[in-house]
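Dear colleague,

I am handing over the structure we spoke about, with the sequence and the coordinates together. Please look through the structure first, and then read the notes that follow.

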Amino acid sequence: GEFTADLDAFAPIVVSVSTPGGVHTVDLQATTSPTLTPLGDEIPLSIQLIPQPPSGPTPTGTLFVYDEGDLLFAAPVLSESLVLPLGALSTGVHHLRVVFIPDDGSGECSVDLTHTVYVVETITSATLAPSSGTAGASSTLAVTVVSAGGFPYIPVGTVDISIGGEVFAAGTLDGAGSVSFPVNFSPVGVHTITVSYRGFDEFLP
């Protein structure tokens with residue numbers, strides 16, 4: 001199955017560790033805000049390196065960011081505050097570790113934090129009005145795609161329409177998650193309409 005998450009987890013979490021060094025103590029703080037993001041979104045990682053006491057020199061060194069033990073990136077640190085892009089992580093819960101190694105040899109410090117990337121299941125519905133008529137008469141096919149499971153997000157992307165197994169049309173969902181198609185049926189008989197949503201980023205087909 002696909003991963004889903006509780007939207008109540010949006011509150012940012014700040015994790016901090018103070019590590020004594022040979023010259024001074026550094027208070028390392030790291031946070032992703034929000035801590036829950038949809039698949040495909042860039043994730044900002046906020047870092048603060050606060051000398052203790054605050055009158056101490058500005059920490060400089062190298063910052064390493066790991067995801068489940070795999071190095072995501074390393075970046076030089078030249079200031080007490082910076083924001084680094086984590087990029088787009090895969091779906092699920094990510095256990096991140098941020099490690100700071102100072103240039104002055106005072107000893108490394110690290111913090112652990114958790115970030116969740118979610119996807120949204122969708123429900124596609126369609127109505128045809130009128131659903132019957134004479135050959136060549138026009139009907140309107142109205143399609144709506146909504147998020148399942150109580151997620152308050154409106155799906156975006158493309159809907160494909162096939163009639164009798166043949167591709168008929170494709171349309172883009174509007175801001176309400178809906179799209180309509182004019183349909184003329186010919187010849188006389190029963191026609192089978194297939195509606196499919198392609199999905200987009202965190203929205204599953």
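Of the 205 residues of the protein chain, 36% count as buried, and please keep in mind throughout that this is a predicted model. The accessible surface of the chain comes to about 10600 Å², and carbon and sulfur atoms account for 55% of that area. As for secondary structure, the protein chain has 15 strands and 0 helices. When contacts between residues at least 6 apart in sequence are considered, 57% of them join residues that are at least 24 apart.

I begin with the open sheet. It is formed by 3 strands in the order β10-β11-β14, and the pairing is antiparallel. Because β10 (122-129) and β14 (178-184) stand at the edges with a single partner strand each, one side of each is left without a neighbour in the sheet. From one strand to the next, the twist averages 20 degrees. Within this sheet, β10 and β11 (residues 138-147) pair over 8 bridges in the antiparallel sense, and Leu128 has Leu141 in β11 as its bridge partner. As a reminder for reading such pairings, strands of a sheet pair through backbone hydrogen bonds, either parallel or antiparallel.

The loop between β10 and β11 contains Pro130, and the peptide bond that joins Ala129 and Pro130 is cis, with omega at about -10 degrees. A cis peptide bond also joins Ser33 and Pro34, where omega is about 0 degrees; Pro34 is found in the loop between β2 (25-32) and β3 (36-38).

Next come two hairpins. Strands β5 and β6 run antiparallel and are joined by 7 bridges, one of the pairs being Phe64 with its bridge partner Ala74 in β6. The hairpin that they form has 2 residues between the strands, and Glu68, which is in the turn, has a positive phi of about 55 degrees although it is not a glycine. In terms of the strand numbering, Glu68 is placed in the loop between β5 (61-67) and β6 (70-77), and with a relative accessible area of 49% this residue is partly exposed.

The hairpin of β12 and β13 likewise leaves 2 residues between its strands, and there the residue in the turn with a positive phi, of about 60 degrees, is Gly164. Strand β12 (residues 158-163) runs antiparallel to strand β13 (residues 166-172), to which it is joined by 6 bridges, and Thr158 has Thr172 in β13 as its bridge partner.

What value does phi take in Asp201, a residue other than glycine? Phi of Asp201 is near 50 degrees, which is a positive value. Asp201 has its place in the segment after β15 (193-197), and this residue is partly exposed, with a relative accessible area of 48%.

To gather the backbone points in one place, the cis peptide bonds described above are those between Ser33 and Pro34 and between Ala129 and Pro130, while the residues other than glycine described with a positive phi are Glu68 and Asp201.

Technical notes: Residues are numbered from 1 along each chain as its sequence is written. This is a predicted model: local features need pLDDT of at least 70, side-chain atom pairs count only at pLDDT 80 or more; totals for chains, interfaces and linings use all residues. Side-chain values use heavy atoms; hydrogens and water are left out. Two strands pair if DSSP finds at least two bridges between them. Helices (H or I, at least four residues) and strands (E, at least two) are DSSP runs, numbered from the N terminus. Axes are lines fitted to C-alpha atoms, for helices over the stretch in contact, and angles run from 0 to 180 degrees between N-to-C directions. Buried means under 20% relative accessible area, exposed over 50%, partly exposed in between (1.4 Å probe, protein chains only). Contact means heavy atoms within 4.5 Å. Accessible areas come from the Shrake-Rupley method with a 1.4 Å probe; for residues, only the protein chains shown count as cover.
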